Amino acid sequence: MDSEPSSATQPAAELPVPPRTGGVRRGHLAQLESEAIYVMRETAAQFERPVLLFSGGKDSITMVHLARKAFWPARIPFPLLHIDTGHNFPETLEFRDRLAASVGAELVVRTVQASIDAGRCVEEPGPNPSRNGLQTVTLLDALRELKADAALGGGRRDEEKARAKERFFSHRDRFGQWDPRNQRPEMWNLFNGRRHPGEQFRVFPLSNWTELDVWQYVGREGIDLPSLYYSHEREVVERDGMILAVDRHNAVLPGERAEVRRVRCRTVGDVTCTGLWESAASTLEEIVLEVAGARRAERGGRGDDRRSEAAMEDRKKQGYF
Amino acid sequence: MTVAAPSPAETTPDAAAPAAAAGHAAPEPDLLRFTTAGSVDDGKSTLIGRLLYETGSVPEDQLEAVRAASDRRGEGYLNLALLTDGLRAEREQNITIDVAYRYFATARRRFIIADTPGHLQYTRNMVTGASTAELAIVLVDARKGVLTQSRRHGFLSSLLGIPHVVVAVNKMDLVDFAEDVFRAIEADYRDFAERLEVPSLTFIPVSALLGDNVVEKSARMPWYDGPTLLHHLEGVNVGAGRNLVDFRFPVQYVVRPHQDFRGFAGRVASGTVGPGEEVVILPGGQASRVRSVETADGPLDEAVAGDSVLLTLEDEVDVSRGDMIVRRRNLPTVATRIDALACWMGERPLDPAAEYLMMHATRTVKAFVAEVVYRIDVDTLHREASSTLEMNDIGRLELVTAQPLAFDPYARSHATGSFILVDPRTHATVAAGMIRGEAREAPVPAGDAPARPVSPAVTWEEWNIPRAEREARNGHGAAVLWFTGLSGAGKSTLARALERELFAAGCQTMLLDGDQVRHGLCGDLGFSPEERAENLRRAGEAARLFFEQGSIVLCTFVSPYAADRERVRALLPAGRFLEVHVRARVETCAARDPKGLYARAARGELQGLTGVDAPYEAPEAPEVVADTEDAGVEAIVAALVRRLREEGILPANPPSHPRGT
């Protein structure tokens, strides 16, 4: 009768950043790290020209950190590819260049502007145009140019429901398309990356990580992130239920009012569509608690922010991945 | 402009975890990967939705969307199943198509669910989901009881070597939370599961729809005093099946930053390794010693199964991807003929004439299927002769590889005992395989008895007094109970207790013990696979003579090779040979060590001890599994007596025998 209460009802007490575990026992972060490193090494071994897609967000920064560990003491054996929409936060670009230099990786940047100039795609009409959709063209062109047969990305299965069925090694046809019904079953740790000429794979070493895992790992490893992720004061504007940064690519429109608020990013994309999050969390511990707490919160509250943020992530995925 | 967290390049690993210094003494949560199986209507999606919802793992936006969808469909309640039914096509058809992965966490543990659909391509999907799982939840609808598919899920769980199985009896709300309904299902399923390799089996009555016993204890089933489902998931022992004995390191990638450094990157598949370890590189066979175990965070004294590390060796040996570094005194099998169970996943059936690529650990070799030994009907567990396997079929194969492969039986190590087959024309993954061992001889075809050696110039005469007459006088049937298992598992203890009980009840009995027959009858034999086979051939023939004389013959032999046991089985009529798998973990057996064999092996005085440095092929479908870690001698003996009654070998009532008590 009186079995112990489950710990589900007593969250967060030990949440922030667990220490490493010794002996033969391995905690969840150690297991996820080992799995991600294994997948990266498989990618380097099975493909001729992999690239690591680098967006400047926390997931791709974590990917670079893991890649450095996977191939240490050698350099990361593939280039970082950044598709620059021209609408990035200035902090992102500055951070990108410094990170690439510090890990000694080759950085390849291809711009949406060049694709527009070459007539490969057309800028959206209207004020504050989004380049989210356009970057797919630039990405596919860049992969073709680099003859990349595998593109490593920081996608996670917990991001949304359709992603829950994604493989570690996700097969794409010659047109870069994903067919959910034609994916290879993945058993044990055996990843089949065999392909016909022209076919590619997207590889997701963080498949089994959750947002919280990434934050805890960032904390445990002391990974440097752009300041955007921590609470800061910024001039923002509210639009379609989202809080957006005011920037030269994101002008205040008639009828809107710019104001300064304490915000931070949960994901980082373009200035034009990255929803900011009102938050006072300025340390890693506070962010971990906030991320855990947001999911544990009483079901009801601040649906608007969340919904818009999820919608933004969706667009990002359609575009980028 | 960045915040002040130190970059890993500038700091030592210890200082790199600032929060660790803040005094969080609680251990890091561990990770449990589990799989769920059930059919469309068993309420599996609702159960998973309930777990996610009540552990607070559902983001607000998703919950809002589900709430809106539930309203739109006029369901009048929060339809938690909508949380997990991902792709739109599936939502519209109300089915789940593929394996989907879900994540949730409590303060104690992180969970990864491989959610597999129960209907379409069930076998392929369940094998995929189960391959990395340590626990399986089998859903049973309380109104329908144990259906064929519930058994199928149990069989696949045991085939994939999942240590923990939970039978969640769902929809208890629709049977008025009645205890007898639950108990009947439990008894029914236990009966079936006796034929499987399921080390731990747990039954929990739940209502996923209302939440009873999922996370919160149900007030409506006061008769149930076990844990809730979540409590069980949090408490179950993870990593118990992890092999920490046999060091195996499949080389993934060679790291060579400059001429003076060569490191071999990989993930420890099983066992542990540290500097100084004497190793051999397979399949080449070169010997060396581990110089260091490296990581980007610094060298390690020891790496264990699951760790991704970099090994450096003392000698300049030629090592490349696909090689396996192993402990010198503990070698895997290296062979080109492989006996395996496989699940076929390709759209096109297995083509015996075709060449496939076998991906095993980090090695890929060409292979072909020399023989389909049999196909297993996953619903009845019957073996059927077949010349091919079609999608979702499971069968036993003999494969031949173009180059030697270093492997262990799957039962011993999943990482070095599993493989996939790839069709080189399409690059599709067409099969998942579990290695039983080296194919040492022509496997026993389904249903056919192997030829027995016969001396020249002899003729078979029927027995003077037919066995039926002897059985009639004895008041019970004759049978052979074959106790197989590791030394120290408890074979002799059980057989001796059982024989004493049968004898006391007036039965005609005989006990043949491994050590006894090796005095005299088999005194000329050693312990090589060939001599073990001959030993068991003679023991089997002796058992058969006692059988024909009307006895219940109890045989206790380690008998590690399935083929040897199958040969004895083939000597006896169907239903009269009962294979009893006496099971205990090798650590337990070594702790008991009744004959001091494990101690001798540890001192290096004894080689070829089964379970230590010689393989044990566990029975696939023994008639009885006796787990001596869980149950005592009396309980197992009572169960065996019951089984003999059920088989009609003992009369339904205790025999009233002329010579009886």
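## Contact between domains 1 and 3 of chain B

In this predicted model, 13 residues of domain 1 of chain B are in contact with 13 residues of domain 3 of chain B. On the side of domain 1 of chain B that touches domain 3 of chain B, the elements giving two or more residues are helix 4 (122–130) and helix 5 (148–159) of chain B, and helix 5 of chain B supplies the largest share, with six residues. Divided by class, the residues on that side of domain 1 of chain B are four nonpolar, five polar and four charged.

## Nonpolar cores

The largest nonpolar core holds 207 residues, of which A:Leu52, B:Ala136, B:Ala168 and B:Val169 touch the most other members. Helix 1 of chain A gives the most to this core, contributing nine residues.

When residues up to four places away in sequence are left out of the count, B:Ala136 touches B:Phe34, B:Thr35, B:Ala37, B:Ala130, B:Ser157, B:Ile162 and B:Val165.

## Helix packing in chain A

Helix 1 (residues 28–46) and helix 2 (residues 58–71) of chain A have axes that come within 9 Å and cross at roughly 70°. Because angles of 65 to 115 degrees count as roughly perpendicular, helix 1 of chain A is described as roughly perpendicular to helix 2 of chain A.

On the side of helix 1 of chain A, the contact is made by A:Glu33, A:Ala36, A:Ile37, A:Met40 and A:Arg41, while helix 2 of chain A takes part through A:Leu66, A:Ala67, A:Lys69 and A:Ala70. By class, this contact of helix 1 with helix 2 of chain A has six nonpolar and three charged residues, and no polar ones.

B:Leu300 is found in the loop between strand 11 (286–294) and strand 12 (303–304) of chain B. Because 17 other C-beta atoms lie within 10 Å, B:Leu300 is classed as partly exposed.

Not counting residues up to four places away in sequence, B:Leu300 touches B:Val293, B:Thr295 and B:Val309. B:Leu310 is 10 residues from B:Leu300 in sequence, and the C-alpha to C-alpha separation of B:Leu300 and B:Leu310 is 10.0 Å.

Terms used
Residues numbered from 1 in each chain as written. Chains lettered and ligands numbered in written order. Predicted model: local features only at pLDDT ≥ 70, side-chain atom pairs only at ≥ 80, totals over all residues. Axes fitted to C-alpha atoms, helices over the stretch in contact; angles between N-to-C directions. Helix = DSSP H or I, 4+ residues; strand = E, 2+ residues; numbered from the N terminus. Parallel < 35°, antiparallel > 145°, perpendicular 65-115°, else oblique. Contact = placed C-beta atoms within 7 Å. Nonpolar A, V, L, I, M, F, W, Y, C, P; charged D, E, K, R; others polar. Core = buried A, V, L, I, M, F, W, Y, C linked by C-beta atoms within 7 Å. Buried ≥ 20, exposed ≤ 12 C-beta atoms within 10 Å, placed from the backbone.
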